[in-house]
Amino acid sequence: MKKIFILITLHLILFSCAQVYPLSTNTDVPTNAYIQDLNNELIPYEGTWKGNWDNKTFFITFKRIKKYLDHKESNPYYKDVLVGKFKVVNPSGTILYDNTNLLDNNTKIEGTRFFTIPNKRYSLFYIDPDICDISGDIFISFTYSSNSTLDWKFMNTTDIITSSCQYYNTNPFPQPLPDNITLTKQ
């Protein structure tokens, strides 16, 4: 009886372990697998970061979450990602943009993966349904080995703003995120 219990326990352990993959996995994984931050690569990015751009103050808080990715209906899986919630304030203290109250699974900024060429940087995706579904790619990387300063680059990938958008033909068009900024950990 003891041998059967040990065999069943070993089988369960091996089965559950076989479904966990490191964050660096860039290939397809089995349904309901877990791409986990086994080496805690995302932890240094967690926390609140601050920077100044165009006479505004930009705050962003990154948090690591376990996200259920079901964009491939036939192959959903779990993955540790960073999500970002941000706030932009003008010099008089007026809040221009604030999505810090969104639930972690509904943020407008969500991580995708690490790139290592030409340097190690983490990629995130931004989509904002409140501003005509503008979207873009964000790349963040540490500028110093102390991990207290981040280099931020945002590339707007929005294709079309339709006339149904409340900001259609608005000049200047809302720009909630900086293109390039240096952020300091708070």
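In the predicted model, the accessible surface of the protein chain amounts to about 11300 Å², and carbon and sulfur atoms account for 54% of this area. Of the 186 residues in the chain, 34% are buried. The C-alpha trace extends over about 75 × 45 × 35 Å along its principal axes. With regard to charge, the chain carries 18 positive and 18 negative charges, whose mean positions lie 9 Å apart.

The secondary structure of the protein chain consists of one helix and eleven strands. Among contacts between residues at least 6 apart in sequence, 50% connect residues at least 24 apart.

The largest nonpolar core comprises 34 residues, and Phe58, Ile140 and Trp152 have the most contacts inside it. Two or more residues each are contributed to this core by β3 (47-53), β4 (56-69), β5 (77-89), β7 (109-115), β8 (121-128), β9 (134-142), β10 (149-156) and β11 (180-185). The greatest contribution is that of β5, which supplies six residues.

The surroundings of Ile140 were examined with its neighbours within four places in sequence left aside. On this basis, Ile140 is in contact with Tyr45, Phe62, Leu82, Arg121, Tyr122, Leu124, Leu150, Asp151 and Trp152. One of these partners, Trp152, is itself listed with Ile140 and Phe58 among the residues with the most contacts inside the core.

Methods: Residues numbered from 1 in each chain as written. Predicted model: local features only at pLDDT ≥ 70, side-chain atom pairs only at ≥ 80, totals over all residues. Heavy atoms only, no water. Core = buried A, V, L, I, M, F, W, Y, C linked by side-chain atoms within 4.5 Å. Buried < 20%, exposed > 50% of the residue type's maximum accessible area, 1.4 Å probe, protein only. Helix = DSSP H or I, 4+ residues; strand = E, 2+ residues; numbered from the N terminus. Contact = heavy atoms within 4.5 Å. Areas by Shrake-Rupley, 256 points an atom, 1.4 Å probe, with all protein chains shown as cover. Lys, Arg positive; Asp, Glu negative; His and termini not counted. Charge placed at Lys NZ, Arg CZ, Asp CG, Glu CD.
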